[in-house]
Amino acid sequence: MASKIYLYILFFGLACPYVFSQKPEKPSSVAIYHQIEKLNFLGSVLYIAAHPDDENTKLISYFANEKKARTGYLSLTRGDGGQNLIGPELRELLGVIRTQELIEARKVDGGEQFFSRANDFGFSKVPDETLQIWDKEQVLSDMIWIIRNFQPDVIINRFDHRTSGTTHGHHTTSALLSFEAFDKVNDPNVFSSQLKFTNTWQPKRLFFNTSWWFFGSKEKFDAADKSNFSELKTGVYYEAFGKSNQEIAALSRSCHQSQGFGNTGTRGDESEYIELLKGAPLKDKSDVFEGIDTSWNRIKNGKQIGMLIDQILLHFDYQNPSQSLPELIKVYNLVDKIQDEHWKNIKMEELKKIIAACSGLYLEAVSLNQEATPGEKISIKSEAINRSNTKMILKSIQTSNGVPLVSKPIALNDNQLITQTFDFQIDSNEKYTQPYYLENQGSTGMYNVSNQQLIGIPDVIRNCKIQYTIEMEGTDFTFEKKIVYKYNDDVKGEVYQPFDVVPVVTSSIKEKVYLFTNNREKQIAVKIKAGKNDISGKIKLEIPENWKVSPLEQTFTILKKGDELELAFFVTPSNEDSEGSIKSRIEIENQLFDKDKIEINYPHIYKQMVLKSAEAKVFKSNLNIIPKRIAYIMGAGDEVPKSLLEMGYEVSLIKPETISRELLLNFDVVMTGIRAYNVVKELDAKQCFLLDFVASGKTMIVQYNTTDELVTSQVAPFPIKLSRDRVTEENAVVTFLEPNHPLVSYPNKITSKDFEGWKQEQGLYYPNQWDSHFTALFASNDKNESPKKGALLTCNFGKGKYIYTGFSFFRELPEGVIGAYRLMANLISY
Ligand SMILES: [Zn+2]
């Protein structure tokens, strides 16, 4: 049997509850003690749901910190289909942010993170719909793979597999697949090709993490039959950390910044309920591990190890944790001899971290640059220090492939800093740094990852690592450190960033969508960025058939790594209507470079880099546009104003607090951004000016708001009621309720063709009741649902026009969906 593959990311959990993501772990003696307690526990729990933010962090923290169990969270998706409260990133870039938010959340609550290849393609109402887009076999295979590797004793579903249609289809699907996987994971005939790398495994119990929410109200939950429920007292207080379990859970929850899940911790008794679905019945309902040996006795020759760890805990010296080193090293050598590869790998890694922490051993390999290219030689500044009186020898420093970098042994004496500088050769075949699951084009429902051994891994894979071999008490330890980059910021202080391998050159076309409404050429700017010093090459734009570009090719030279150069091309569209993409192609020494480098940099996550094809969408269309001056009031954030500019409108972003009668005199149209009436408090006081603006003969367009609290009860001049109605099937047939209405006929004749090619959904949070002053223009619905008529409502008010629309213009316009542009032009012209 081939050696098993380990996906685990072992964290120091509570080492730093106020974790500042980029900084290395520096655990206190309390955190070290906690890790030794965890070293002594051999039970595991896997929590399963569909999205980043579905997880119950109270339960994850409870198992990781109170029960000391290995606690994993499998989120089937990375949350690409959600909304973004902190920036413009959507789709896979949002998935990248949410992946990192989960990684940070697990650092706080002590869990480990996993993902399947399923893509969060957007909302679906029932599992059948979900499984038409996900590849069921692949998602089930991934779940089984992750269970086989993680080997949980207990699996807990967030969602109920029996209540299809009451929540997001992804949610119920996650529960249904888990229910199915429980019975299949131990069968060697199921996904047998996985067994080259892993073993079958049978979890002992499957639970559903129920709550009052699933019963509709707290009263109904109180009255429910709980004979099959376990009550877990999760309101524990951790003296060692000075925090309640709920407070830790809230800190973890608050990592989901892009979802606006900032959360305030509570204190005091509290319970979570789990319902046993499969596996051995419980006598003591509060002990999910009942009948499972979670001590070292669980494995052959483990008894002595457990006894030694008991002694270490008993004699642990918070003043001087290094007192425990001789015994810990003894444990390390015993664990090294056990045959159970699964626990051996996990516990050896835990032990190495504990041993380093107890001795104050600090190792760091810093690159002088944040980026370098394949084949480049970079300079590394290495730091090694032992802060204990344990004798240590730094025997060698090498690459993870075993290439020696420093081979002269050096004694690491107590608190004597050893700094060394050496060159590190990046492999000429080294892959560019980016999320591995985005390397190959996936489908709507699935990421494309063919390497079985990568599946489940949450993070970017970084291969530039340094290995330090250190001898302590006659035992050699190898500590592997990723190369990092750090600098001092005058405001923030020490800033850590990942070290990235980048292409020699990347380029970026300025806009994502170019719209041609006549035959005139447009200037298209392309920014070129050098990944290394002194590059010269040629750049050209690939264009659709029958389009023209000038010049055909340009040469360029950039002298300094990191510098940028902007060049302009002039593109003329075809005579007929057409659409396609333009692609930036750079050639340097016969090598093609066609990637755009997108950086995602927020303070709460590790800086991310995504490489995408350097391209933009272009279309030529008989789009009729009547010039208007638009005032745009930004809501939660969207890129609609950019699209309006591209359409040729004059667009001003106006600050809500500046809205006045006088200011509005400068405009023909006011448009509110998505969720403006949920997030812009000033709109309550300013709504009278906006409605006066309409009454004076102008047009107001309000994009979707959610049913959450609104800042004003009067979003529209006449009553409308928002609902959760949505049409998630982007290809759902649209019926024209008022085929001769100006909004569907002027200046562009809207037809059903204009609803083709929409992305992810048609719209959301449609009103489901409205005053008789309103006219509904369209009806459409998802399969097996009644027609939803609230996508676009309009009314006359005074001399002007008011439009409320739940159509997803914020998705469709940046994606270059022509029909959405044509419809938007009509709204603005109305
Ligand atoms: Zn969810």
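Contact here means heavy atoms within 4.5 Å. By that criterion, and leaving aside residues up to four places away in sequence, Glu89 touches Asn84, Leu94, Ile97, Ile600 and Tyr602. The model is a predicted one, in which local features need pLDDT of at least 70 and side-chain atom pairs count only at pLDDT 80 or more, while totals for chains, interfaces and linings use all residues. Residues are numbered from 1 along each chain as its sequence is written, and side-chain values use heavy atoms, with hydrogens and water left out.

The side chain of Glu89 makes a polar contact (a pair of N or O atoms within 3.5 Å; within protein, one able to donate a hydrogen and the other to accept it, with residues adjacent in sequence counting only if both atoms are side-chain atoms) with the side chain of Tyr602, at 2.7 Å.

A welcome landmark is the zinc site. His51 (ND1), Asp54 (OD) and His171 (NE2) coordinate the zinc ion at 2.0 to 2.1 Å; donors are N, O and S atoms within 2.8 Å of the metal (3.2 Å for Na, K and Ca), and sites may look incomplete, as water is not among the atoms. Along the chain, the donors are spaced as H-x2-D-x116-H.

Turning to the aromatic rings, Phe, Tyr and Trp (its six-membered ring) pair if their centres lie within 6.5 Å, with planes under 30 degrees apart stacked, over 60 edge-to-face and the rest tilted. The count comes to 38 aromatic pairs. Phe221 and Phe229 are stacked because their ring centres are 6.4 Å apart and their planes at 25 degrees.
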